[in-house]
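Please look over the structure before reading on.

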Amino acid sequence: MTPLSQLMLATAAFVGTHFLLSHPFRAALVRRVGETGFLGLYSLVAAITLGWMVWIAWTMPPLTPHWMAPQWFFDWAAPILMLLASILLVGANIGNPAMPNPNGVTSIVRPATGVFAITRHPMNWAFTIWALTHIALSGSPPNLVIAGGILILTFFGSLLQDRKKQALLGDAWRGWEARTSFIPFAAIADGRIPAKAAWPGTIPVLGGLILWLAASYFHTMLVGIWAWIA
């Protein structure tokens, strides 16, 4: 089996186990091992399959990319998109009604503000933006496999999460869906949410900026602000 085929297998395992554990297997496993045990198992499987992906990608020989983005995209568009993704990712961890929460029904009665005014799936869209940006940057086969896998996981994971939350929370989640949008900024564009409500907040902006600076600094190539000031 070629290294690229191994990477495809590892990526399929990472994506597939996420879907299986999050949806068809979740209820039965929670009944058997409890919520804490399930989260531990979920995290362990995710760590093993992600580590498998990273190890193969890190050790495989370089392959010729099918395309490379123009320099302006490397220099400006990609860093700005990744800053937006970083802010969404940090904001998604603050008051997210999709997170496991014993008060989940009441928490989604509130108005949609911050990153949730932008999209009701800020975490998944953070990784979707990451995947689309990296696909646009380079058409190298390993990059396409990894970014493509993440794109499938986050895009379809959002759709499946809506279905699961509808079943669990009923009208409370349907009301949240009616007030928010799946596509970023769509609810603002059609007038359901005022534009001022989409200010992410101080913590998501500062936290996202710190995350963006750190990820750019430790990137395998010089990117973002570190490339601007070099």
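Which residues in H1 meet which residues in H7? The model is predicted, and the contacts are listed under the first topic below.

**Helix pair H1 and H7**
- From H1, the residues in contact are Leu4, Leu7, Met8, Thr11, Phe14, Val15, His18, Phe19 and Ser22.
- They meet Pro141, Pro142, Val145, Ile146, Gly149, Ile150, Ile152, Leu153, Phe156, Gly157, Leu160 and Lys164 in H7.
- Helix H1 spans residues 3-22 and helix H7 spans residues 141-169; the two pack at an angle of about 10 degrees, with axes 10 Å apart.
- H1 is therefore roughly parallel to H7, because angles under 35 degrees count as roughly parallel.

**Nonpolar surface patch**
- Trp72, Trp76, Ile80, Trp228 and Ile229 make a nonpolar surface patch of about 620 Å².
- Helix H3, residues 71-91, gives the most to this patch, with three residues.
- Tryptophan 76 lies in helix H3.
- The relative accessibility of tryptophan 76 is 48%, so this residue counts as partly exposed; the class lies between buried, under 20%, and exposed, over 50%.

**Backbone at phenylalanine 185**
- Phenylalanine 185 sits in the loop between helix H8 (171-179) and helix H9 (186-189).
- Its phi is near 70 degrees, a positive value in a residue other than glycine.
- Most residues other than glycine have a negative phi.
- With a relative accessible area of 40%, phenylalanine 185 is partly exposed.

Note on methods
Residues numbered from 1 in each chain as written. Predicted model: local features only at pLDDT ≥ 70, side-chain atom pairs only at ≥ 80, totals over all residues. Heavy atoms only, no water. Patch = residues over 30% accessible without salt bridge, like charges linked within 9 Å, V, L, I, M, F, W, Y side chains within 5 Å. Areas by Shrake-Rupley, 256 points an atom, 1.4 Å probe, with all protein chains shown as cover. Salt bridge = Lys/Arg side-chain N within 4 Å of Asp/Glu carboxyl O. Helix = DSSP H or I, 4+ residues; strand = E, 2+ residues; numbered from the N terminus. Buried < 20%, exposed > 50% of the residue type's maximum accessible area, 1.4 Å probe, protein only. Axes fitted to C-alpha atoms, helices over the stretch in contact; angles between N-to-C directions. Parallel < 35°, antiparallel > 145°, perpendicular 65-115°, else oblique. Contact = heavy atoms within 4.5 Å.
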